[in-house]
Amino acid sequence: MVSPRRLRAPLLAVVFALLANGCWDRVEINNRGFVAGVSIDTLPAEDGTEERAKSAAPYRICYQIVVPGGQSGDGESSKGSTGYSNLCGKAASLSAFHQYATDKLSRPPFYDHLKVILVSDQVARKGTGFADMLDFFMRGAGVRRSIKILVAKGNASEALNSESPNEGLPASDIEKISGNRSSLEKLPATQIGFIHERFMNETSYAVQSLETSDKSVLVSGSAIFDGKTNRQWGALNPRQTTGLNFLRGYHMRGMITLESAGSSISLNIYEIKSRIRADVRDPEHIRFEATINVVVGIRESSGTIDLVQKTVMDRIQHDAASEIESMIEDAVDALQHDIGKDALGLGEELKQNHPRTWEKVKSDWDQGKMLLSACEVRAHATVGIRLTGTVDQTERG
Amino acid sequence: MKIFDYGDNQIGSREVSTTVSSIMIGIGILTLPSLLAKHIQASDGWVSILAAGLIAGACGLVVCRLLRRFQGGTFHSFTARITTRPIAMLISAIYGVYFLLYVAFEVRSIARISRMYLLENTPTAFIAIAFLLVVVYGVSGTTAAVIRLNTMFLPIVLLISVVVLLFGIQLTNVDNLKPFMTTRPFELVSGTKDATFALLGFEVLLFYAPLLKPAVRTEKAMLIGIAIPVVLCLLTYLYSIAIFTQAATAQILFPTVEIAKEVRLPGQFFERLESIFFTVWIMTIFNTSCMAMEASVSCLQAIASKLDKRWCLLILCPVAYFLNMLPETMMQYKMLGSVISTIGYGTAAAIPIILLAVARLRGGGSVG
């Protein structure tokens, strides 16, 4: 016979075990609506009567919600088999849309596994839409600072409906494309943490951009934002974006094609090293000297050139260097004069290495007196060919 | 409840080091980078942290000098011997209140962080009481048990911190640390004030005097114990600036937690390192709270010598809970923090220095 005294401890343990189960925060995993991607658009401009409604709910937001494969089979909706479902609606803010989504879905939205946020350039170019929309995600504790942000040309929600041959979810398709570093025509993925840092430092920046056509996405080029207003001021085309990649020495790989030694040559870029030096003797006219070292391999050549000859190699190296310099010039020219925002990192260079000069010029850098446009940027590239592929010549000359 | 009796109820120099480190590594390190980044340019805060570390080291040595004069007695009997009984009572009361506030602050902080990152819907009050009850349970055993827990937890804490920092290297951008030395000296001094708060608590060793083995070289052990948190503070600060830049670090509430969130280990399983980081951090805050509670209990026992330890705990636990729930808003919570750090200057620096001076003048309790 066990005495009641001795039973007390196990009894207490059982009571605590029961109490511990009644946690406030217990949510079963199959009660969470995993949001994989978010797109933010403006409402399409319609007739005058819609104008008033526009001020109340100016955004069209879409959530891409993951539908677990196992449970979709017996559902009545055939869409379940695609593995996701998109919920779209009008809302004044993301919190308002969160409410709406909670009313629409049996599983409330859960953002810990969010992969990409797509913001339409129509939102980004107007007012404070871009910063306002990202605030919701920056404050959320479960949301990572490494979520990728892309600016969509035109309609952002179309990208969430794109079809991918490889991935079940359009959102993870976009995330993987955005994250690969094998093309120079796009920037390294723009993460929400990076954007928060730009917001706080008030430096202008470039964001990856995305385009959807025929249900297929293309990530290339970049959108340029002003650091003060966080509004999009312009865009760089793929060639200018390549120049920006070279100038800033981003760790990207990719191909460039150029005419040299009488044929068309494609170079595989393995490594980019960039170093910018500033000459600040005249704050009104700062001169930047950029030295870019590029390591390449020859990937493709047309015609019959002999890659073993030193003169041919020197010729290609020289031509490649001037092609890279011209790409950089394109980017610098566009940013200095057409867009007038410093996404080149020149201001940061001054801030880090010439803090006194920066204090003097920062209020007139890419606004006010526009000292950015007055400064001079000279790029000097050197190209070294390391590999010529597995064969010397592919056809006899 | 039966209490386990240790055969060896004394602590050596390794336990001294881990005790000092464990109590210093607490909430402070989580918020320190953002406090410093608020007014110190780029990465110049390392000067402040180092200066705070040196000050802590100097005060630590004063504490060690005092310990040598105890002659095996407790802190309270020592103060009574070199001053008068009423003054000794007053000093014990100050330490008692201070450590109780310290417990309250740690408990409130852990409740806040848990609520923010882990348990969104659980009331703060409930998280706090659950945590506090575990602390009370930990303290109600022998003092040596708490110290042994330190020696067990600290290596785990350091290991996880090293893993986080090691895998965080890929996120850092060294250019963010530039420009060097552009902050005005006055700002650096006020940064030192911020940093000292993260480094308070080493004076707890005063209350462990009777347990010390006679042959222990406390000075060296104390300095090692202080050096570990200082290095950890320095590294987390530099990492935050290098990863998030100064301007963004200033806006992030808990930069250290955000670093842990960003770090990704290869392989999907360990992608969410912050869950391990949280577990470990709750462990170290548990240690900190236990030791502070222990010290507070010891002070109460000195004032009301007839009470036994259990009764002291029963009295102090509700008071600690009440203090912990007092701040309602963020501002009041921060005020509690600054009140504690202000008293902390007294308990960690002023009182030990004065006591040492008095002991020297009177020549009482000197061992030569």
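Guide: Let us begin with a hairpin. In this predicted model, strands S8(A) and S9(A) form a hairpin with six residues between them. In the turn, A:Asn230 has a positive phi of about 55 degrees.

Visitor: In which sense do strands S8 and S9 of chain A pair, and over how many bridges?

Guide: They pair in the antiparallel sense, over four bridges. S8 covers residues 216–225 of chain A, and S9 covers residues 232–236.

Visitor: Which residue of S9(A) is the bridge partner of A:Ile224?

Guide: The partner is A:Gly234. As you look along a strand, keep one general idea in mind. In a regular strand the side chains alternate between the two faces of the sheet.

Visitor: Now the domains. How is chain A divided?

Guide: Chain A has domain 1, residues 29–236, and domain 2, residues 238–397. Their C-alpha centres lie 32 Å apart. The contact between them takes 21 residues from domain 1 of chain A and 25 residues from domain 2 of chain A.

Visitor: Which elements of domain 1 of chain A give two or more residues to the side that touches domain 2 of chain A?

Guide: They are strand S7 (205–213), S8 and S9 of chain A. S8(A) gives the most, with four residues. By class, this side of domain 1 has eight nonpolar, eight polar and five charged residues.

Visitor: How do I read the contact between the chains?

Guide: Start with a general point. The size of an interface is often given as the accessible area lost when the parts come together. Here we count residues instead. In this model, 18 residues of chain B are in contact with 15 residues of chain A. Helices H5 (85–117), H9 (218–249) and H10 (255–262) of chain B each give two or more residues to the side that touches chain A. The largest share, four residues, comes from H9(B). That side of chain B divides into seven nonpolar, five polar and six charged residues.

Visitor: How many helices and strands does chain B have?

Guide: Chain B has 13 helices and zero strands.

Visitor: What radius of gyration does chain B have, and what would a compact globule have?

Guide: A compact globule with 368 residues would have a radius of gyration near 21 Å. Chain B has 20 Å, which agrees. Its C-alpha trace spans about 55 × 45 × 40 Å along the principal axes.

Visitor: What share of chain B counts as buried?

Guide: Of its 368 residues, 48% count as buried. Look at contacts along the sequence too. Among contacts in chain B between residues at least 6 apart in sequence, 85% join residues at least 24 apart.

Technical notes
Residues are numbered from 1 along each chain as its sequence is written. Chains are lettered from A and ligands numbered from 1 in the order in which they are written. This is a predicted model: local features need pLDDT of at least 70, side-chain atom pairs count only at pLDDT 80 or more; totals for chains, interfaces and linings use all residues. Two strands pair if DSSP finds at least two bridges between them. Two residues are in contact if their C-beta atoms, placed from the backbone, lie within 7 Å. Ala, Val, Leu, Ile, Met, Phe, Trp, Tyr, Cys and Pro count as nonpolar, Asp, Glu, Lys and Arg as charged, and the others, Gly among them, as polar. Domain bounds come from an automatic or database domain assignment. The radius of gyration is taken over C-alpha atoms; the globule rule is 2.2 Å times the number of residues to the power 0.38. A residue is buried if 20 or more other C-beta atoms lie within 10 Å of its own, exposed if 12 or fewer, and partly exposed in between; C-beta atoms are placed from the backbone.
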